[in-house]
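Colleague: Please show me how to read a protein model, one feature at a time. I would like the general idea and then the actual case.

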Amino acid sequence: MAGKTDPSLFKAGVGKAVITPPVGFVIDGPEDGSRVSTGILDDLLARVIVLESKGTRVVLVSLDVWGLSSALLSAIKSALSSAASVEAESIWVTATGNASSPPLWRDDPQYAAYSAYLPEQIAGAVRMALTSLEPASMGSTGTLLSDVSTFTEGPGRPGNAALFVMAVNRADGSGIARLINFACPAVILGNSIHWTADYPGYASWAIEQNGGGLTLFSQAPSHDIRPYDWWDDNPEPSHSGRTPQDVQAMGLLLATQASNGASDTTQRRNVEIAIRTDEE
């Protein structure tokens with residue numbers, strides 16, 4: 001029992017909350033501009049991982065949105081700081097970059113009430129994660145997801161294939177959480193009039209259904225990268241329809257490779273947590 005109740009033991013917990021805006025609210029994102037939502041293809045989620053070791057606690061948050069204003073980000077960190085009893089510097093927030101997103105990077109009157117309530121929704125997911133804290137181990141690895149993206153400049157210029165995976169497991173080897181980092185914008189259904197988390201949401205769901213635990217997607221630098229062979233002015237793209245099937249294909253490829261990488265990680269329980277900021 002001492003090994004399971006030691007206060008310095010590395011622990012992890014997870015939580016999530018639905019953050020899909022109402023149908024009828026404006027969708028925005030890159031390339032296709034604003035349009036009114038008419039339905040929900042799949043929900044947008046806030047996913048949370050809390051890690052704790054030797055008295056240090058950090059909160060990792062992934063939101064199915066394109067971006068956030070600095071004011072809203074500050075409000076979210078303030079709410080999470082109170083919920084988790086940590087300083088704002090201990091909270092890491094990332095956006096999946098899906099192009100079917102509420103326009104939270106600007107002051108939109110339609111989203112005033114939504115933006116005011118969003119920090120508390122995410123704080124609720126943090127409280128869920130705190131109540132689920134349990135002894136854990138952690139490992140990470142780098143792998144590749146080749147031939148599924150391209151730079152915008154033209155053919156023969158494959159995108160960044162690097163895929164990084166962090167796996168957090170229970171003592172029996174089952175998954176508590178996964179964090180995956182990949183450079184490819186979530187713009188497969190960028191012209192959708194339905195709310196959708198695009199391929200990051202599908203990949204996270206697939207990993208979770210396969211026993212990997214709650215999965216956060218982090219968008220690596222990808223400004224000049226596109227899915228599949230959608231380089232600028234390609235007259236015959238292989239996935240020209242931009243359909244949900246294209247989303248599922250990309251998501252399943254990502255989920256499979258991430259799961260394979262997670263299974264190859266060397267798991268350690270003597271995890272120490274440090275908080276650093278890279279100003280560059």
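Colleague: What do the buried residues of H2 pack against?

Modeller: They pack against S6, S7 and H3. Before we go on, note that this is a predicted model: local features need pLDDT of at least 70 and side-chain atom pairs count only at pLDDT 80 or more, while totals for chains, interfaces and linings use all residues. Residues are numbered from 1 along each chain as its sequence is written, and side-chain values use heavy atoms, with hydrogens and water left out.

Colleague: Which residues of H2 are buried?

Modeller: Buried means under 20% relative accessible area, exposed means over 50%, and partly exposed lies in between, using a 1.4 Å probe and protein chains only. An α-helix has 3.6 residues a turn, so residues three or four places apart point the same way. In H2 the buried ones are Leu72, Ile76, Ala79, Leu80, Ser81, Ala83 and Ala84.

Colleague: How far does H2 reach from its first C-alpha to its last?

Modeller: The expected span of a helix is 1.5 Å times one less than its number of residues. H2 has 15 residues and reaches 21 Å, close to the 21 Å expected. Just after the helix, Ser85 takes a positive phi of about 55°.

Colleague: How do I describe two helices that pack together?

Modeller: Two packed helices are described by the angle between their axes and the distance between the axes. Axes here are lines fitted to C-alpha atoms, for helices over the stretch in contact, and angles run from 0 to 180 degrees between N-to-C directions. The axes of H2 and H3 come within 8 Å and cross at roughly 35°.

Colleague: Is the crossing of H2 and H3 left-handed or right-handed?

Modeller: It is right-handed. A crossing gets that name if the near helix is turned clockwise from the far one by less than a right angle, and is left-handed if anticlockwise. The residues in contact (heavy atoms within 4.5 Å) include Leu72, Ala75 and Ile76 of H2, and Leu118, Pro119 and Ile122 of H3. By class, there are 13 nonpolar, one polar and two charged residues. Ala, Val, Leu, Ile, Met, Phe, Trp, Tyr, Cys and Pro count as nonpolar, Asp, Glu, Lys and Arg as charged, and the others, Gly among them, as polar.

Colleague: Which residues does Ala83 touch, leaving aside its neighbours within four places in sequence?

Modeller: Ala83 is in contact with Ala123, Val126, Arg127 and Leu130. This alanine is buried, with a relative accessible area of 13%.

Colleague: What is the strand order in the open sheet of five strands?

Modeller: Strands of a sheet pair through backbone hydrogen bonds, either parallel or antiparallel. Two strands count as paired if DSSP finds at least two bridges between them. The order here is S7-S6-S5-S1-S8, with mixed pairing. S7 (91–95) and S8 (134–135) are the edge strands, each pairing on one side only. Helix H3 (residues 112–131) packs on this sheet, touching S1, S5 and S6, and its direction makes about 150° with that of S1. S1 (residues 11–18) and S8 pair in the antiparallel sense over two bridges, and Ala12 stands opposite Glu134 in S8.

Colleague: Which way do the residues of S14 point?

Modeller: In a regular strand the side chains alternate between the two faces of the sheet. Leu214, Leu216 and Ser218 point one way from S14, and Thr215, Phe217 and Gln219 the other way. Six of the six residues of S14 (residues 214–219) are buried, so the strand is largely enclosed by the rest of the structure. S14 pairs with S12 (residues 175–182) in the parallel sense over six bridges, while S11 and S12 are joined by seven bridges and run antiparallel.

Colleague: How many residues lie between S11 and S12 in their hairpin?

Modeller: There are five, and Gly173 in the turn has a positive phi of about 90°. Asp172 is also in the loop between these strands, and is exposed, with a relative accessible area of 63%.

Colleague: Is Asp198 buried or exposed?

Modeller: Asp198 is buried, with a relative accessible area of 2%. This residue lies in helix H4 (residues 198–209) and has a positive phi of about 60° although it is not a glycine.

Terms used: Helices (H or I, at least four residues) and strands (E, at least two) are DSSP runs, numbered from the N terminus.
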